[in-house]
Amino acid sequence: MMVSQETLPKKGVIMVMLDTLMDKPFQQALEQEDLSVLPYFMDRGEYYPRVVAPYPTMSVNVESTLLTGHYPDQHRVPALAWFNQKENRLINYGTHVLEMRKLGLSTCLYDSFYRLNQEHLSSDVKTIHEELADQGLTSASINPLMHKGNVPTTITVPSLIRLFVSLEKNIEISAADKFVYGRLANLSPLKKYSRLWNKYGFNNKFSIQEFSHLVKNDTIPDFSFVYLPDHDKNVHKRGPMDTKGIKDMDKQLKPLMDAFPSWEEALKNYIWIIIGDNGQSGVQKDKNKALVDIRKLLQPLKITKLRKGVQNDDQVVVASNLRSCFIYTLKPDEVPVTEIAEKLQTDSRVEMAAWKSEGWIHVIKGECNETFTFKEGGSMKDEYKQTWEIDGDHSLLDLSITENVIEFGDYPDALKRLHSALHSHEGEFVVTSVKPGHEFISESTPKHPNGASHGGFHKNDSFIPMLVTGTDAAPDFLRIVDLKKWILNLIQSA
Ligand SMILES: [Zn+2]
């Protein structure tokens with residue numbers, strides 16, 4: 001069907017996601033570092049320093065929430081690591097290569113390459129790519145982990161990977177029409193930045209090179225989602241205030257801007273959204289204080305070993321997501337979730353542990369005897385017009401209550417985010433997170449003492465900045481979950 005000229009959008013939307021961009025170090029980099037692209041946008045756009053990321057604050061969840069406009073209770077991608085009750089196994093899309101090797105590298109890679117988008121992401125919700133394709137509009141997905149669309153396409157597993165794992169060479173998926181997924185699916189004929197030692201193209205320079213190919217060929221679609229993954233590891237290693245990584249990203253963005261006839265035209269013809277994905281909290285230097293060993297806390301319960309998988313006499317499964325953790329009881333009669341929660345309560349570093357019981361969500365925290373409970377509906381209304389019934393000590397979630405209005409403090413959108421994490425998948429489990437300065441460890445998990453980490457519930461991990469040029473329209477609320485509706489409106493009314 002031909003679309004008439006009047007209904008075609010004048011501008012497309014280009015969204016560039018800079019992994020782990022955070023407000024404070026960004027402000028510092030603008031002042032102290034010699035930047036060119038980011039200040040150019042800053043001088044011409046609207047800056048929102050605090051947009052709320054979904055919980056747990058892990059990339060797969062952030063991207064799924066952004067693309068579907070729903071929290072994980074609807075999109076069903078709980079976090080990077082979670083326990084699939086139906087298949088009786090831990091899913092891990094790649095927290096640590098050792099962890100993946102123990103779980104089975106072939107299975108883990110197939111989970112990330114295929115099941116994550118095509119099976120785990122709920123087909124009851126639609127991604128921005130799917131919505132636009134339904135309307136006859138086009139989109140690009142340049143290197144994010146989440147990219148489900150309507151267009152059948154093939155990803156090609158590099159032969160070197162296939163020496164070590166039993167995967168088919170070609171995997172059929174459906175994605176955005178312009179689709180880049182490292183070396184496995186690319187647009188330009190260029191091989192640069194996509195070798196084994198470049199993580200097969202899962203890096204900033206490759207993302208920029210591939211999107212620049214669309215710019216140079218004048219084939220930028222109605223919506224482009226360009227993901228730059230590298231800064232995550234800088235912050236993990238060097239701590240939250242790392243500005244060198246921001247300087248690197250600014251430098252890497254320059255060839256992308258230069259691919260346009262001019263920077264002015266790039267901003268005149270397109271709406272730009274430059275955004276982070278999640279924040280990070282500093283982790284203390286002293287390992288003994290910084291790292292909270294979940295295996296010690298759960299003693300003497302029998303925890304499933306990664307390599308063996310669930311055994312008959314196992315009692316609990318642990319799915320660790322850096323500063324957060326899902327802990328599942330395999331035998332609710334023998335080990336009720338309350339017993340798991342009581343064990344977590346003994347550690348002062350635990351900032352929150354929550355579970356479901358009879359329609360209510362129960363919340364406790366480390367070295368505190370108070371409890372707080374809540375459920376959906378009721379006479380209390382929060383900042384996002386969501387309604388709740390609450391009981392107990394609401395200081396546990398740092399809520400301020402005036403009349404019947406709830407405002408959030410250290411834990412943005414605390415009630416809905418916690419509610420959605422606990423309804424994101426099947427099973428009887430506790431979700432817990434640690435205070436800033438700390439990180440959970442269990443079998444073969446990554447650790448970042450004297451650096452930084454994320455996944456947590458705290459605002460440090462949860463607020464991300466967003467910089468927008470080319471429109472005065474703002475989303476209904478400043479949360480990632482609210483961006484899809486706003487982006488679709490921008491494209492349709494542009
Ligand atoms: Zn990370």
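The legends below describe close-up views of a predicted model.

View 1. His236 belongs to helix H10 (residues 231-238) and His454 to the loop between strand E23 (452-453) and helix H17 (459-462), so the two histidines tie together parts 218 residues apart in sequence. His236 is buried, at 10% relative accessibility, and His454 is buried at 5%.

**View 2. Helix H11 (residues 244-258).** Buried residues in H11 include Gly245, Ile246, Met249 and Asp250.

**View 3. The largest pocket.** This pocket holds about 1,400 Å³ of space. Its lining has 36 residues, and Tyr93, Gly94, Met100, Lys199 and Phe202 lie nearest the centre. Helices H5 (97-103), H6 (105-120), H8 (159-164) and H10 each supply at least two lining residues; H6 gives the most, with four. By class, 21 lining residues are nonpolar, nine polar and six charged.

**View 4. The second largest pocket.** About 370 Å³ of space lies in this pocket. It is lined by 14 residues, of which Met22, Lys24, Lys459, Asn460 and Phe463 are closest to its centre. Helix H1 (23-32), strand E2 (46-52), strand E11 (281-282) and H17 give two or more residues each to the lining, and H1 gives the most, with three. The lining comprises six nonpolar, four polar and four charged residues.

Technical notes:
Residues are numbered from 1 along each chain as its sequence is written. This is a predicted model: local features need pLDDT of at least 70, side-chain atom pairs count only at pLDDT 80 or more; totals for chains, interfaces and linings use all residues. Side-chain values use heavy atoms; hydrogens and water are left out. Buried means under 20% relative accessible area, exposed over 50%, partly exposed in between (1.4 Å probe, protein chains only). On a 1 Å grid over the protein atoms alone, a cavity is a set of points where a 1.4 Å probe fits but cannot get out, and a pocket is an open set with protein on both sides within 12 Å along at least five of seven lines; lining residues have an atom within 4 Å of a point. Grid points are joined across faces, edges and corners, and a volume is the space filled by probe spheres set on the points. Ala, Val, Leu, Ile, Met, Phe, Trp, Tyr, Cys and Pro count as nonpolar, Asp, Glu, Lys and Arg as charged, and the others, Gly among them, as polar.
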